Amino acid sequence: MPEIDAYPWVGAFDDLGPNDSFLVAQLVVDGGAVVGDVKQLAGRLKKAQMIALLPEQGTDRIIGVASQKSPDRRYRMNRFSDAGVEITGYEAAPELGYVVVAKDMRGRQLSGRLVELIAGKIREPAFATTDSDTMKNNLLRSGFIRVGREWKGKKGALSLWTLTPDN
């Protein structure tokens with residue numbers, strides 16, 4: 001497959017115009033990363049600490065998205081408990097998530113670029129969960145470490161990954 005000419009953008013969801021905000025939320029919903037509709041997800045994305053996008057050069061079509069989310073305390077505690085891991089050091093940790101690439105652009109290592117964009121800007125302990133082998137490889141390459149045991153998720157066996165960046 002030919003290399004995709006995409007230029008990365010990292011910022012806050014509120015920095016996006018209304019059309020781009022809608023397109024980002026639609027991409028995440030269409031990619032199956034969440035259950036819900038575009039309006040619900042847009043509200044959740046507003047709470048994200050950071051959004052990374054890959055707009056396609058020449059068209060500005062958004063072909064990939066990832067975020068650094070601020071999950072609630074219960075969700076975070078449940079993920080660590082599911083993995084059988086102590087949460088110490090990660091009590092307020094953000095989560096890398098909503099990593100989605102447009103269906104016609106998959107298989108071109110774009111999700112790895114998105115994970116690297118977010119991971120490279122994280123300055124505090126963080127975590128991610130996934131059931132995807134591709135994401136597991138992306139997380140590993142970006143400095144995340146798999147911890148604990150897998151547990152049953154809606155689509156497959158989930159695993160917990162943590163990142164403790166050098167500040």
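Which residue in β4 is the bridge partner of K69? I found E95.

Before going on, I noted that this is a predicted model, where local features need pLDDT of at least 70, side-chain atom pairs count only at pLDDT 80 or more, and totals for chains, interfaces and linings use all residues. Residues are numbered from 1 along each chain as its sequence is written, and side-chain values use heavy atoms, with hydrogens and water left out.

Entry on the strands. I looked up how β3 (residues 62-69) meets β4: the two pair in the antiparallel sense over five bridges. Pairing requires at least two DSSP bridges between the strands. Strands are DSSP runs of E with at least two residues, helices runs of H or I with at least four, both numbered from the N terminus. Strand β4 covers residues 95-101, and seven of its seven residues are buried (under 20% relative accessible area, 1.4 Å probe, protein chains only).

Entry on E95. I read a relative accessible area of 3% for E95. Its side chain makes a polar contact of 2.9 Å with that of Y75 (a pair of N or O atoms within 3.5 Å, one able to donate a hydrogen and the other to accept it; residues adjacent in sequence count only if both atoms are side-chain atoms).

Entry on α1. Helix α1 (residues 18-30) has 13 residues and reaches 18 Å from its first C-alpha to its last, close to the 18 Å expected (1.5 Å times one less than the number of residues). I listed its buried residues as S21, V24, A25, L27, V28 and V29. These pack against α2 (38-46), β2 (50-55), β3 and β4. Just after α1, I noted a positive phi of about 80° at G32.

Definitions and conventions: Buried < 20%, exposed > 50% of the residue type's maximum accessible area, 1.4 Å probe, protein only. Contact = heavy atoms within 4.5 Å.
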